[in-house]
Amino acid sequence: MAETMNLEDVETDDYTLISIMGVGHNGCRAVSNLYGKTIHTSLAICDAYAESLSGSPVENKVLLKQGDMTISPQDLIKLLHHKAWIKIIIAHLDNNISIQAANLLAKGAKEKAKLTIVIASMPSPMEGADKMTIAKKGYEELKGNADSIFTIDRPTDVVSVEDYFATIEKTLGEYALCLVKINTIHNLICFDGNDFKTIMKDSGDAVLAVGYGEGPHRLRIAKEEAIAHIRKRGYAPYHTKWMLVMLIYQKWNNDNMKADMDDLNDFLMKLDDKTEIKWGIIPDETLSKEMKFEIIVTEKQ
């Protein structure tokens, strides 16, 4: 049985920029999968079932329900005492306890003037119409309590229920990892956390799209893949109010540099004159010859 965390147990490391909190079974597993993969990041998990907590390497844990008693909001809010200036909450919105906990964390974080971001997954049709109704209501509450909220796409081409939820957990974690890298890895084009905060503060719905490309026009290929996803989510990619773009690669190849810069300039020239864009370049040793193109767009006015 996981123990309720005491305030004195919470570390306050001034070098931690981001705090990621997993809520519910899938949120806990998504955050547990991030263990050891991030820098300047603290991790915490909470769930109504001790089993979700006991097998996790994450140290900061809160059990949301003990017997017939639901944990008090004061105990849950103790997860927010870390000094991190960005709070990321990860949850699969499939039950009232998880949704209530996610909302308490989001509201508490924003009240502390922290940039508060939710990454959520919605129930699938196989989970039932009732859960979808609960999730939609919970989503709207979270949208009001957080600065911004990302929802991931439902998995396709999975062969089992286990694969379905494993894919959800992987994608939730990948979204969080993208946001962490943007803010913690040295950026070669003077993009900083204030730029990120400018775009994400009070932005409401947000979409993250990622594309990959190889070859002579790798950036163009990656860009087109990402833009196709933006369109699929109902956004006009060249006419959004706010946009954040990251080019990610292992090592800049001089042979590709002219083509990459030409393709980047072509993309920038197509943007609406009213689009506020922030962009940067991040090296990533995990990539080979690929170029990774990440776009975040928001509904912020």
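Guide: First, some sorting: Ala, Val, Leu, Ile, Met, Phe, Trp, Tyr, Cys and Pro count as nonpolar, Asp, Glu, Lys and Arg as charged, and the others, Gly among them, as polar. This is a predicted model, where local features need pLDDT of at least 70, side-chain atom pairs need 80 or more, and totals for chains, interfaces and linings use all residues. Numbering runs from 1 along each chain, and side-chain values use heavy atoms, without hydrogens or water.

Now the pocket (an open set of 1 Å grid points with protein on both sides within 12 Å along at least five of seven lines, found with a 1.4 Å probe). Lys 170, Thr 171, Glu 174, Tyr 175 and Val 210 lie nearest the centre of the largest pocket. They belong to a lining of 27 residues (an atom within 4 Å of a point). Of the lining residues, 11 are nonpolar, 6 polar and 10 charged.

H6 gives the most, 10 residues.

The largest nonpolar core has 44 residues (buried, meaning under 20% relative accessible area, and joined through side-chain atoms within 4.5 Å). H6 supplies the largest share of this core, 11 residues. Ile 20, Ile 88, Ile 90 and Phe 150 are among those with the most contacts inside this core. Take Ile 20. Beyond its neighbours within four places in sequence, Ile 20 is in contact (heavy atoms within 4.5 Å) with residues including Val 31, Leu 43, Ile 88, Ala 176 and Val 180. Another core, of 29 residues, lies apart from the largest one, and Leu 76, Leu 80, Ile 99 and Ala 135 are among its members.

Helix H1 (residues 24-32) is largely enclosed by the rest of the structure, because 7 of its 9 residues are buried. Gly 24, Cys 28 and Val 31 are among them. H6 is part of what covers those buried residues, and so are elements including strand S1 (18-23), strand S2 (41-47) and strand S6 (86-92).

S6 holds Lys 87. At 0% relative accessibility, Lys 87 counts as buried. Its contacts, setting aside neighbours within four places in sequence, include Ser 19, Met 21, Leu 80 and Ala 109.

Note on methods: Helix = DSSP H or I, 4+ residues; strand = E, 2+ residues; numbered from the N terminus. Buried < 20%, exposed > 50% of the residue type's maximum accessible area, 1.4 Å probe, protein only.
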